[in-house]
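This report is meant to be read with the structure in view. Please take a moment to look over the whole chain before going on.

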Amino acid sequence: MKEITLEKLHYYELKEIVKSYCVSGLGKALLDKLKPSENIKVVEKRLNETSEGRRLMDASYHMPLEGIFNVMPMIEKVDKGLSLDPDELNMMSDFLRGCRKVKTFIKDKEGYAPTLSAYGENISDLSYIEDEINISIKGNMVDSNASKELKKIRKHIDICEGKIRERLDKFLRNGENKEYIQEFFISQRNGKFTIPIKAAYKNQVLGNIVEASSKGTTVFMEPNVISKYTTELSILKAEESVEEYRILATLTELIYERIRDIKMNIEVISEYDMIWAKAKYSNAINGIKPKLNERGYIKIVQGRYPLIKNGVPLNFEIGKDYRSLVITGPNAGGKTVVLKSIGMMILAVQSGFHIEAKEGTEISVFRNIFVDIGDDQSIENSLSTFSSHVKNLVSIIKESTKSSLLLFDEIGSGTEPNEGAALAIAILEELYKKGCITVATTHYGEIKNFSRQHPDFENAAMEFKKDTLEPLYKLHIGKSGDSNALYISKKMGIPDLIIEKTKQYIEDKNYNYDLVKESKIVKERIDVRKENEYEYKYKVGDRVIFLEKNEAAIVYKEKDKLNNITLLYDGKFIEVNIRRIKLDVKADDLYPEGYDMNQLFVSFKDRKLEHDIERGSKKAIKKLLKQN
């Protein structure tokens with residue numbers, strides 16, 4: 001199955017639900033790797049395993065998986081030649097004990113679960129390793145009884161530590177030391193026996209400072225009076241560590257010798273954990289094992305979508321009298337949920353999960369399920385909604401076979417309706433010729449009509465209450481979707497005349513092009529528009545908006561025979577058609593009566609020169625003569 005199919009049909013969300021019933025990380029890890037199988041024999045085997053687990057559960061048997069841990073990290077450590085620590089050995093002991101319990105539990109259950117019972121024969125009873133670990137490890141440390149040598153060493157350690165305490169007690173009782181001592185007790189710091197000494201007297205006491213208090217007022221010293229015994233204790237501690245390591249290595253070696261058997265135990269227990277989780281899930285949803293086939297026939301009786309609690313049950317059938325189904329109905333009426341329910345139930349079955357449905361349900365095993373559901377518009381790739389759908393459809397058409405299930409949501413949508421409907425019909429027809437099982441939803445009446453007339457196609461509709469417009473989320477196969485838009489429009493007050501004319505246009509496309517005679521109001525509106533836009537006689541000095549730039553300009557010359565007008569725009573004279581401008585402010589409203597309009601088109605520099613000449617400026621006259 002393609003990854004996009006598993007994601008679109010929320011397959012991983014379903015697996016997370018089943019994983020929640022696992023006891024250990026072993027079963028969860030196996031479920032993470034699980035994918036739907038296209039082999040009907042594998043699917044049958046998986047479903048039988050779940051059914052056997054369910055029968056055991058229904059008979060009030062409980063598989064003793066508690067205490068089972070994922071010991072693969074420990075096995076990997078052993079494989080690398082490393083020794084396990086006491087905690088890891090304890091976990092290994094618990095795992096081996098759990099294996100032994102499961103083997104004993106399943107041994108006499110052939111009547112309920114013949115397949116699961118056979119798996120138990122592959123579990124090795126390694127109780128002797130379990131016993132050795134339990135004798136040698138107590139809590140999180142190596143027990144003294146693990147070996148005679150360790151017991152002897154620890155006895156000497158106890159004697160040595162007793163002598164150290166005896167000497168330190170004597171040190172504490174000595175009156176000469178009283179003023180040096182901060183508190184009269186013996187404490188162990190960093191594995192050494194110490195006495196709390198006042199920091200001010202640390203040089204008065206012979207010994208080594210092991211640690212100081214946070215405030216610095218106290219130092220913890222190892223007095224020299226015990227130096228002989230501390231050296232002896234260090235040697236004994238080293239001997240203890242060596243012996244402990246030897247014991248841990250020996251126990252690890254026992255595991256290494258049977259590592260292949262332990263790995264097999266891990267595989268079997270992982271399977272049991274996963275199968276038991278499937279059985280628990282089946283029990284929780286009151287699931288069934290459906291009948292299987294490979295011919296594309298699907299019949300779902302009262303099936304429910306796993307991700308919706310208390311959803312409306314689905315009755316669905318395809319692959320017998322028809323191989324393509326077109327579903328119509330109102331928005332938010334449940335069409336997409338129908339597609340996802342069908343797809344998810346098939347993925348669940350091909351993974352060995354029971355489904356929530358009634359007896360009589362039959363599921364076909366498909367090699368591939370292709371989906372085109374949802375909006376995959378990509379801003380990064382500059383693909384529109386329609387383009388992304390077409391890109392997906394190209395891949396589906398290329399890869400689909402007679403062993404493919406195709407689920408299309410709003411096929412052909414995202415473009416002009418006539419083209420979209422025609423394209424969708426052509427695609428459905430091509431996929432039908434390839435022998436695919438196809439379920440498609442649509443709003444297009446053309447697709448619905450095509451499906452009604454094709455002998456191997458069938459229509460279906462999502463139902464809703466007409467009085468309240470409330471969706472019922474029920475699929476009715478063999479029925480075309482009603483014209484809900486017209487019903488809603490009529491209910492909201494659209495006149496019957498318009499509703500009937502709409503129905504007529506839907507049927508025969510015979511549109512009414514009769515022109516309405518212009519009323520007085522319409523004619524007046526047209527005249528006003530003409531006056532405003534084209535018939536106004538622009539005058540010199542009018543301020544207008546140059547539409548191309550959306551900026552202001554001044555009329556320099558009035559309209560000529562070609563309806564062109566000259567403007568002063570951005571310091572330049574340009575000629576434009578009057579359709580490219582609109583009036584902003586009339587000249588009469590901008591300038592006082594008798595204003596010399598020529599001044600508008602003379603630059604400030606020229607006006608200053610003319611003024612200077614009029615007042616007799618020699619500089620201005622000289623400049624004028626120079627220009628001539």
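Helices (H or I, at least four residues) and strands (E, at least two) are DSSP runs, numbered from the N terminus.

Helix α4 covers residues 40-58, and its 19 residues should span 27 Å at 1.5 Å a residue, which agrees with the 26 Å between its end C-alpha atoms; the expected span is 1.5 Å times one less than the number of residues. Just after α4, Ser60 takes a positive phi of about 70°.

## Basis of the model

This is a predicted model, in which local features need pLDDT of at least 70 and side-chain atom pairs count only at pLDDT 80 or more, while totals for chains, interfaces and linings use all residues. Residues are numbered from 1 along each chain as its sequence is written, and side-chain values use heavy atoms, with hydrogens and water left out.

## The protein and its cores

The protein has 21 helices and 21 strands, and 41% of its 628 residues count as buried. Among contacts between residues at least 6 apart in sequence, 66% join residues at least 24 apart.

A nonpolar core is a set of buried Ala, Val, Leu, Ile, Met, Phe, Trp, Tyr and Cys residues joined through side-chain atoms within 4.5 Å. The largest one has 51 residues, of which Ile298, Phe316, Ile342, Ile369 and Leu405 touch the most other members. Helix α12 gives the most to this core, with 9 residues. A second, separate core of 43 residues includes Met74, Cys99, Ile266 and Ile269.

Gln302 is not a glycine, yet it has a positive phi of about 55°; Gln302 is found in strand β8 (residues 298-303) and counts as partly exposed, at 30% relative accessibility. Glu410, also not a glycine, has a positive phi of about 55°. The place of Glu410 is in the loop between β13 (404-408) and α14 (417-433), where Glu410 is buried, with a relative accessible area of 19%.

Note on methods:
Buried means under 20% relative accessible area, exposed over 50%, partly exposed in between (1.4 Å probe, protein chains only). Contact means heavy atoms within 4.5 Å.
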